[in-house]
Structure formats: structure tokens, C-alpha cells
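Have the structure open while you read.

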2 protein chains.
Amino acid sequence: MEILIKNCIFKGKEQSILIENNKIKGIGKIKGEHDYVIDAKNKAVMAGIVNTHTHLAMTLLRGIADDLPLDEWLNNHIWPYEREHLNPEFCHVGSLLGCLEMLKSGTTCFFDLYFFEESTFKAVEKSGMRGFLSQGILDFPTPEYEAGEAIRTAKKFIEKFKGKNERIKPALGPHAPHTCSSETLIAVRNLANKHNLKINIHISETRDEVKRIIEKTGMRPVEYLNEIGFLGDDVTAAHCVWLNDNEIKILKEKGVCVSHNQVSNMKLASGIAPITKMIDAGVNITLGTDGCASNNNLDMFEEMKTAALLHKVSNLDPTKMPAKKVVEMATTNAYQALDLNCGIEEGKLADLILIDLKKPHLTPMYNFNSHVVYSAKGSDVDTVIVGGEILMENREVKTLDEEEILEKAKEIVK
Amino acid sequence: MEILIKNCIFKGKEQSILIENNKIKGIGKIKGEHDYVIDAKNKAVMAGIVNTHTHLAMTLLRGIADDLPLDEWLNNHIWPYEREHLNPEFCHVGSLLGCLEMLKSGTTCFFDLYFFEESTFKAVEKSGMRGFLSQGILDFPTPEYEAGEAIRTAKKFIEKFKGKNERIKPALGPHAPHTCSSETLIAVRNLANKHNLKINIHISETRDEVKRIIEKTGMRPVEYLNEIGFLGDDVTAAHCVWLNDNEIKILKEKGVCVSHNQVSNMKLASGIAPITKMIDAGVNITLGTDGCASNNNLDMFEEMKTAALLHKVSNLDPTKMPAKKVVEMATTNAYQALDLNCGIEEGKLADLILIDLKKPHLTPMYNFNSHVVYSAKGSDVDTVIVGGEILMENREVKTLDEEEILEKAKEIVK
């Protein structure tokens, strides 16, 4: 199958992009007959966006409780709701809704950490998206399994789905150093090494967690994780709000990727992650939305803008987090962390999006990266292609039935 | 003319809203024949949003220079560009583009401060929006007039347009206490009193400005403005980033409205305005986008979310700036400041918007205010009505030719 995207704006001028099977075959002036032609006049092409930390099925908990102290939010709202309602069907519908939302805002790949990941796998498979799915691993009882059953549940998921779909990779999701014992974390490390899996984990989201780890281990969270041999370049660490300089140094040395979730960190008032310090230290920074209960959407354009704004003001320096760097966080930095051979380049995987520039808020255009970060919204994404497959065109998702999913989502939370 | 909006979601249930001429005539179950019927199934009604500080024609400078130190941004980019390019035609096209963008993101009224406001007046008149337009007043030469000509230019504008259009009110725009002498500021105060006009002014956007005012007057900016008798409840003060407790007290005592422009303050790294302190002190807080060169769009939904997020994290308290309060800032607080008899209530002016809830990122819905602040975007606004006139329906702006304006905007900046 060959797809020609003609007249799209790339690097400041109109060009064509030829896709053959799952890869980009050519960029520039391209003639001849092709199986499918997309006329991208007034549209700009951009590499597919990666959301490196979310809890997908939580789309169904979007706005269920806001503006509350963290403990009250978790203990009185999120956890009781999850205990009562989470099941495979709920997570399947929530994941379908999440895929729909991500496609409609230009996300082509994401790293999930939640429960009943088999249900999420099936939803992602249907959507055609790329995903890293990690079964949540905690030592205490969860809506899915009893205490002590986490590693067994994760193993089962990995064995069942490893190699099943080239776009979807099972991964490991140890929740956090304060909810997993060192035995559990070491078991995760061994599984990751054995099966060559990526790991997603929460690190130092709140000050309270850090205090608890220090009380338990005498070390700060990153130091402790390093001490037990958990860290590596296969780890994507979400949040990392409360780190000291030594912890930043360790993350760099071990090649750990950080998933900066600033909208969630702001909404829950967790704090401002020292991202500019981490950048200066050479840590690989990517962006994530976190779950919809603390955001309350999956729009990576919002994440990009908020990341740029927050670190400018918190450093009182408008030169921090320039647009180009922020776009890299949402694309190339994530490709590096997840070993994805993506980008708008010949021979790379054809994961790309078209942004419709024919909008008042995108007129005029002086600089594309500035537009992406400061002016655009997820709703400006017109077309999404993953692995050479058109998943959305003219904002119509081709792989999922939008009407049906919205109805099911409303039904299931009634 | 009677318009019936049927099946719209209001206060959690489906209701109808009847508009007669420019006012809301009834809300609830409404039967009978009407001139025009809007079926608002799956749409929620919300009172029209007010942007209390912008420089509308700067839409044409959107993204012209970003990520730069403030001085370099102003002195090497914005001001030279304005000196070379600003003229009535430029400001007319920029204002048409701005109105288009505001309508497409649910803003029904705005407070402008810029140059060649006659051009803006004509654009706003065409759009059907509500606006307060203030001719920028500065002591030094501007792209529009020579030094010393500011008050004369402003007077001319006021005399020409006062009472000309019931939706558009001329206003006064003294730029700032460091760019206007006390004589100029007192002349503005006298004009405001004489003609019953609203005033828009920048106060304490940067630390440097504050320093300069203290050096010049021995007082902090708000103290100085109070001392010369400038402040009153007809003043909307933009930014107010660097205030001390006494200045906050004065703003409250004088009934000054604050236009919080946090996206611009973050992007330019001006600082974080002490908004939660001002709220506690009883100051009336509203929201503004500032000009597109420092934002880079006019989306008030983005302003609402950013305002909520920023003050939660900067206070490390997730209960600060709850969604309902933020919605009030964008609506009722602004109505109060600008003497607008608006709101979704019988007898009020029919300035309202419909939000299309049939979207993945707005499904499911537990709480409408939470959706408005945390999940929605300007692009979810489906219909805009101002003064009983339908300005946009199904995202099609009826009063402006979108295609033509986008072309003109691209043409003029070439």
C-alpha cells in the first residue's frame, strides 16, 4: 500500500510525503500514481506525538472529583470508585474512549499503567494506535487482584500479549517505590531484563511520598531505587517533582527517561518538577497527561503549552523551554526512550499527523514550532497516520465508532 | 424576533431558553411557535465569556517572536514591527481576525487597548460582538500619533463613537503609570468622569516597572495611582503581578477590577500575580488573554484552565481556584466590572454560548463547571449569541466571512 500526502507544509514549504507500507519512503517532489492520495493543502505535517504516562481507562472518571485535597481526592473519591466499578468491561470502554480522544488530538503512541490491561490491549488494537501497556503492580489489594498477586498477574499479561501486535508492547508498571516492596521492584527488574520490556513507574510525585521513603529506607526515592538496582534506560519515571541534585545526577547516569506531567502536578498541587535543572543535567524529558481524573483530558498540545509556560514563569526567564525543545519532548525524546524509529524522515516508521492551519487562531504563521506549542489545540489535528495506516482523516476516526463509544461511555457510568 | 433554544443542558437538566429581541424572556419548559428554533440537544448553555484585556489587532503578530528576554522581545521585535507596519488597514484586518477567533472560542465581549481603534470599532461592529474599545494613550510617540497627541486622539475617538452602537463602548486606555505622566493620567480620569467611560490600564506587569515608579514617585504603582486620584470602580487593571498587601487593600477599597493575564505573564516570565491573596481581600478578579504576541491565542478556555492550575500549584493547595470561581471570573465578575446586565437569567441580555458536549474529551460529564475549566477548549463552542443575535451557529460565523479574513490576514503580513 502506498499513500501520497501531497502539498503538506514541512520545514516551511509545500512538499509531498510518500508512505509505503509502514514506512516513509520519500519526502520532496513526488510524482506518479499511488494507491491513496491525501491532499494536505493548508495543512502542516508533524511527527506523531507520544504521551509517556497515562491511566487510559480513567477517561471515565474525568471530572468525578476536583479541587480537593489530594488525600480526600484519592481516599474518598478515586479509590472507592475504582474498587466498586473497575472491571474488564469498564476498562475496555474507558480505553476505547481514551484512544478516540488521543487520536482526535494527535497522539499516535502512549505509555499506559492501569488495571485490566487486557481490556486496554483490545481497545488499542482496534484503534490502530501504538502503545506500551503496563499492568499496574502494587503490593496491596487492587480492584483486579489480591495482595501478593501483582507479579503473577503482570507475567500472565506479558506472556499472553508479547509479540501479538507489532504496534502494542506489553510493559511493566510497578506503581511507585512506596507501594511496591523492594522484592517486588527487583522482580520487575528481572522480568524487564528477561523479556526486554519497558517500565513505567511513579517517582516522587508528592513531598509526602518522599518523606515516607526516607523514613523507610534512609534514602531518597531515586537513591533507593538505584541502590536496589532497579533503574535503567528502559525506565520511564512519571512526575519526578521532588528530586534533589544527586537524584537528577543518578537519573542521567542510568539513562532514565522522565515523563513530565505538569498539568496533573499543577491540578493536584503536587509541585513544580525541576525540569529545567534536569534538562541542564542532560536527563531525557518527555511529556505525559497522567489520567483524566487529574487533568481532565488527554490533549498533549495543552501539555506542551503548559510545560513551556510553567517553567518560564517559575524560573522568571522567558528563554527557558523554547518551543522547539518542547516539541522534541513530545516527539523525538519519547522515541528515544521507547526505541521507536519515528520522525519525518525517509526510512522511519510512518507515524505522523496533519495539522489544519486554516484556522483564525493559526493565522498568520511565522514559525511552525511556535504555533504547535503556543497557538494550536488538539482539535486542530486533521489526520493521524500510524505505521502507514490512516487512523483519522478530516477528523473522522476510521478505526473506531465514535458515536457508539460515546454512548457506551455515558451508559457505563450511569 | 424570538429565538427558542430547545433541549439545551442548563443547571444539570434539559431546558429551553426563549430570547426576545436582545433579552432572555424565559427559561424552562417553553411551548408555542417561534421565529427561529435552535435544537441544542447534547449542548450545554453558558453565559457569554468576557476577555477583559487584549490588544486585538496583534493577532497579526501571533508568534512573530517567542522565547526571548522581555526587553529584546519588545525593543527588537514588537515595537519596531509596530512602528513600521501599523496603520488603519492593518489594525482593521487584525481586528476582524481577532473577532473571528474570539467568536470561534466563545468570547462575547472584550476590553481592547491598542492603536487605530476606529479600525477596530468597524471590525467589531461588523462582527456583532460586544466591546469596550480604548485608544492607547502614551506620552511618547506611537505608530498612530506624535508625542503629546494622545489625549487629543483619544478624545476624537470618544466623541466620534460614543453612543453610536449599543454593543460597543469607547473607553480610555492609558498604557501604564510608567508610560503616562501624572498630568496625562489625571486628564484620563477627568475624561472618564465627564463621559462615564471605562478605563483599561497596565499596572505592575514587571518588577522593573515597579522599580522605576518607586524611583520616580517614592511610592509603589498602586499607591501612586491612588495618590493622584486616578483609581475608581471604572478601572480595569491588567496584570497586577507585583503588588504588596497595601496595594491589594487599595484596589479593594477603590473597587478596581483586576484583569488577570496569566498565560501572558507566564510566557513573558513576568511573574505570578498574587491572585489568591487578592481574592481573599475581596478584589474583583477577571481574566484576559493579553495580545496574541504574548499568548499566542485568544482562547479564554485556556485562560480559565491555566488560572486554576497556576494558583493551585503556586500555593501548593489543590482547593485554591475551584472551577466554579474560575467560571465566575470569566463571566459574572467581568459583567460586574463593566456594568453588563448579562447571565443566564430572565430579563438579562441574551449573551450566551452553547458548548457541544458530544466529544470524546467531554465524555462522560459529572460536573459542568469542571468540564468548562479542565476539559473543554474554545473549539467546543458551537453557537454564540450576543444581544439576541446569532453570531455563530454550528461553528459557522454568520457575520464575518472567515475565508476572506484569513486570506487578507495572510496577505497583509507578507
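At what angle do helix 2 of chain A and helix 3 of chain A pack, and how far apart are their axes? In this predicted model, the angle is about 35° and the axes are 8 Å apart. The crossing of the two is right-handed. On the helix 2 side of chain A, the residues making contact include C91(A), S95(A) and C99(A), and on the helix 3 side of chain A they include T120(A), A123(A) and S127(A). Sorted by class, this contact has seven nonpolar, five polar and two charged residues.

Now over to chain B, where helix 4 packs with helix 5. Here are the two pairs together:

| Helix pair | Angle | Axes apart |
|---|---|---|
| Helix 2 and helix 3 of chain A | about 35° | 8 Å |
| Helix 4 and helix 5 of chain B | about 15° | 11 Å |

The angle of about 15° makes helix 4 of chain B roughly parallel to helix 5 of chain B. Helix 4 of chain B passes helix 5 of chain B in a right-handed crossing. Helix 4 of chain B brings I151(B), K155(B) and I158(B) to the contact, while helix 5 of chain B brings T184(B), A187(B), V188(B), L191(B) and H195(B). Five of these residues are nonpolar, two polar and one charged.

Note on methods. Residues are numbered from 1 along each chain as its sequence is written. Chains are lettered from A and ligands numbered from 1 in the order in which they are written. This is a predicted model: local features need pLDDT of at least 70, side-chain atom pairs count only at pLDDT 80 or more; totals for chains, interfaces and linings use all residues. Side-chain values use heavy atoms; hydrogens and water are left out. Axes are lines fitted to C-alpha atoms, for helices over the stretch in contact, and angles run from 0 to 180 degrees between N-to-C directions. Helices (H or I, at least four residues) and strands (E, at least two) are DSSP runs, numbered from the N terminus. Angles under 35 degrees count as roughly parallel, over 145 as roughly antiparallel, 65 to 115 as roughly perpendicular and the rest as oblique. A crossing is left-handed if the near helix is turned anticlockwise from the far one by less than a right angle, and right-handed if clockwise. Contact means heavy atoms within 4.5 Å. Ala, Val, Leu, Ile, Met, Phe, Trp, Tyr, Cys and Pro count as nonpolar, Asp, Glu, Lys and Arg as charged, and the others, Gly among them, as polar.
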